Amino acid sequence: MAGKVKWVTDIEKSVLINNFEKRGWVQVTENEDWNFYWMSVQTIRNVFSVETGYRLSDDQIVNHFPNHYELTRKDLMVKNIKRYRKELEKEGSPLAEKDENGKYLYLDFVPVTYMLPADYNLFVEEFRKSPSSTWIMKPCGKAQGKGIFLINKLSQIKKWSRDSKTSSFVSQSNKEAYVISLYINNPLLIGGRKFDLRLYVLVSTYRPLRCYMYKLGFCRFCTVKYTPSTSELDNMFVHLTNVAIQKHGDDYNHIHGGKWMVSNLRLYLESTRGKEVTSKLFDEIHWIIVQSLKAVAPVMNNDKHCFECYGYDIIIDDKLKPWLIEVNASPSLTSSTANDRILKYNLINDTLNIVVPNGEIPDCKWNKSPPKEVLGNYEILYDEELAQGDGADRELRSRQGQSQGPRAGRSRDSGRTVLTTWK
Amino acid sequence: MLQEESDLSLIIAQIVQKLKGSNLYSQLERQAWASLQRPEIKLESLKEDIKEFFKISGWEKKLQNAVYGELSVFPLPSHPAAPPEHLKEPLVYMRKAQGSWEKRILKSLNSMCTELSIPLARKRPVGEQKELLNKWNEMGTDEPDLSLFRPVYAPKDFLEVLINLRNPNYENGDSLSFRTHLGLIQIPLKVKDIPELKECFVELGLNTGQLGIDDSTQVPPELFENEHVRIGQKVLAEQDSAAAQQYIRQGSPTALRAELWALILNISSEPEDVLYYEQLKTNVIQHDLLVDSLIYKDVKLTASNDDYYFVFEDYLYQVLLCFSRDTSVLSHFAYNSASPPKSYIRGKLGLEEYAVFYPPNGVIPFHGFSMYVAPLCFLYHEPSKLYQIFREMYVRFFFRLHSISSHPSGIVSLCLLFETLLQTYLPQLFYHLREIGAQPLRISFKWMVRAFSGYLATDQLLLLWDRILGYNSLEILAVLAAAVFAFRAVNLMEVTSLAAAEAVLADLSTLKVMPLLQIFLFATVT
């Protein structure tokens, strides 16, 4: 078992490189024999593309699934979730239960979304039902808040209408594709400020689904006071919480970076709203993450050489309901503050401990079941194998019992995954 | 026996006097009148029936809580012939020292005023008033030029004053002996030793369940936590201040803390209280005070940069600006050794008819003052309630941390307690630190002055403040400071400079407060 792990990366970030070096791994180039490649999303496309791709050998691991975009592209994520819900409905699963208004009781966690220009007419119909609503336009393929804007009038998105003279079918390339979602204009405010949650989720395999949640997620606060007034629609500092945007605001602080640990959020909510509703909120957050993964699991290429660490963006509204906004395949590894650097360093460290057991040359045929001790700051979010072992009929009973009683999100005895009381 | 009785009746008379002027009195009166309509109230037994009615309807409980609240701040019994200054501070030399410290602060404030040519107070023009009203919820985004302002004083300035305090009647001779106090404070005040502290803080003992220890993940909640939560809910249902105070000695569950603190401090948000707060807000809008800039500067320097509290920046302005206009705070100077600074209307210096207290609440903020408010933002999100809780916490506890007095919870006693604990129980460490020029108090002073706010993680800080409320004393701050030194003793023994010692103790954010206290008090060989 001699031989050091050979690593490559095309992302020059110290939090990565320091982690590799501290394990005594050896840096190589991509043309050499490598064992571990932390690659950007462009590179994974090449590796698995028909023309430029190549087979990975058993001792090679990469940090993306080939078709991760099923989850991480805004339009595909919505499409997959809609498909998943319909499938459950067809099966008659209790999870797909709806209320008297036709809204899903347990699976309504993505704000109403349409693809543009494809669903333009459907969108217009929905828009006319509540004309005072605000909608957020996001380009499908971009990140860091680029290209996002808010609208509250149909005229503002005229050029996406299918029969508009200004659009042309020729330019319906991926670059022009947008999603338009109902803007959550009643976000939970703390100190009068809007924030969103960034949570890290590691998936080591989709079938069976095995995913881990990083305990140290954080809240990203806007520097400017939130106001739902229409005059501030253009002020991106009020509405978007991406750090990339906030960093350029006048009030950006380089000590805390406008970030709060999730534990602070928990303390604040428990103190001001009570323990039950707070536990329910966090349970719901875990639920929607797992459901989103289950939704894409069937279409995901569950290549055994792959793992992926996602950045989940979640917004909580003032009724303490969490909404899934998007999932990032390449969460930023840039550190905006000292605390940030420590957090991301530890994130990578714990991730590597899980996916490259013992820091030795990997064998992708292993069972991907790391021992509990190496989890670090990760907690098991969902383990399909474990869940199935306990019997599938538990699912119904536990699901019914979900709203009763707080279930602490902390593991009590070894091995039990208390986060998943529903299976 | 007779003396005690007359003491008691004196106290009762004073409390009745105090309560007669309160809101509760008029409420009770109204309730009594209204109760006459009730069938069970009979003219023959009017007094008894009304008393019974009060008992059943919960008003007696409210009265009980109010009395209990008064007793908590009531000054220690003194000679009936003692003048009012003695209520503030019995020892003359302390009074004198506080007086000269105040003169210095006021001088500093006045000179800043003259230097910058800014009046201590001015009426805002109407346009400015409107603007401020619009921006009331986001004053944090305002960026006035504060570069010329400096805090009136910082904790370390205050420490120098305390170090130089001397009792002119005390002569400890020139020869050093084992009795010599090696610390910075050279005042002979009585402080508790560990056996006395153990008696005082008996509920923190090893055999008693604690939140902050026995609610950790490894301990099954059936052993302590569940029952403790249940009792807490019961205490809240009973609305009994005294019971709440006893209960909270073992820590408060996060979900119950906001209500428990309000119960212990006897704060209920009546419409009159909200109205009062709104009135203070109006005062802020209409007049601009120099201390406002000091408050802005302080928040920008401290809370805005804090990982936990930056979110609440705007609430801090809303609370502190109103606080400085609140003249009801002046009443606490009856038992505070400090006195509110006086200022004179322009041109009428020395004429008593033109004297005003400045700022209106008599409290000049210093560097770090806003950190007293910040942790409370985790519990109360409604500004007027947040304000009331802070004000009560200030007039019961925090004022003692920056005024010179002989009170056992006063900062002088806390410093002495800290140093004595260290010298008695960690003599080697104390001696070593002294030798390398790192007097321990120089490091721990800032922790105690701020009641550890901004140094501990918020959840730990709240557990600490639970005990301050529970024991109605700040002594726990000194004990914790000593416990922190004990915890890091091994590393501290290896340092060779003050800077290195500061570095070892720079980051307290990972500390767990209750285990430290418990080990120091109950598990250390004495």
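How much area do chain A and chain B bury between them? The figure is about 2400 Å², 54% of it on carbon and sulfur atoms. Buried area here is the accessible area (1.4 Å probe) that two parts lose on being put together, summed over both.

This is a predicted model, in which local features need pLDDT of at least 70 and side-chain atom pairs count only at pLDDT 80 or more, while totals for chains, interfaces and linings use all residues. Residues are numbered from 1 along each chain as its sequence is written, chains are lettered from A and ligands numbered from 1 in the order in which they are written, and side-chain values use heavy atoms, with hydrogens and water left out.

**Between the chains**

Chain A brings 24 residues to the contact and chain B brings 31. Contact means heavy atoms within 4.5 Å. One salt bridge is counted between the two chains. A:Arg193 and B:Glu313 form a salt bridge through their side chains, at 3.8 Å from N to O. The term requires a side-chain nitrogen of Lys or Arg within 4 Å of a carboxyl oxygen of Asp or Glu.

**Chain A**

Chain A holds 12 helices and 16 strands. These are DSSP runs numbered from the N terminus: helices (H or I) of at least four residues, strands (E) of at least two. Of its 423 residues, 55% are buried. Buried means under 20% relative accessible area, exposed over 50%, and partly exposed in between (1.4 Å probe, protein chains only). Among contacts in chain A with a separation of 6 or more, 70% join residues 24 or more positions apart.

**Strand β12 of chain A**

Strand β12 covers residues 218-221 of chain A. Two strands pair if DSSP finds at least two bridges between them. The table gives two partners of β12(A).

| Partner in chain A | Residues | Sense | Bridges |
|---|---|---|---|
| β10 | 193-206 | antiparallel | four |
| β13 | 259-261 | antiparallel | three |

A:Phe218 of β12(A) stands opposite A:Arg198. A:Cys219 faces A:Trp260 in β13(A) as its opposite residue. In a regular strand the side chains alternate between the two faces of the sheet. Which residues cover the faces of β12(A)? A:Phe218 and A:Arg220 lie on one side, A:Cys219 and A:Phe221 on the other, and all are buried.

**A patch on chain B**

B:Ile345, B:Leu351, B:Tyr354 and B:Val356 make a nonpolar surface patch of about 310 Å². B:Val356 sits in strand β4 (residues 355-357) of chain B. B:Val356 counts as partly exposed because its relative accessibility is 40%.

Terms used
Patch = residues over 30% accessible without salt bridge, like charges linked within 9 Å, V, L, I, M, F, W, Y side chains within 5 Å. Areas by Shrake-Rupley, 256 points an atom, 1.4 Å probe, with all protein chains shown as cover.
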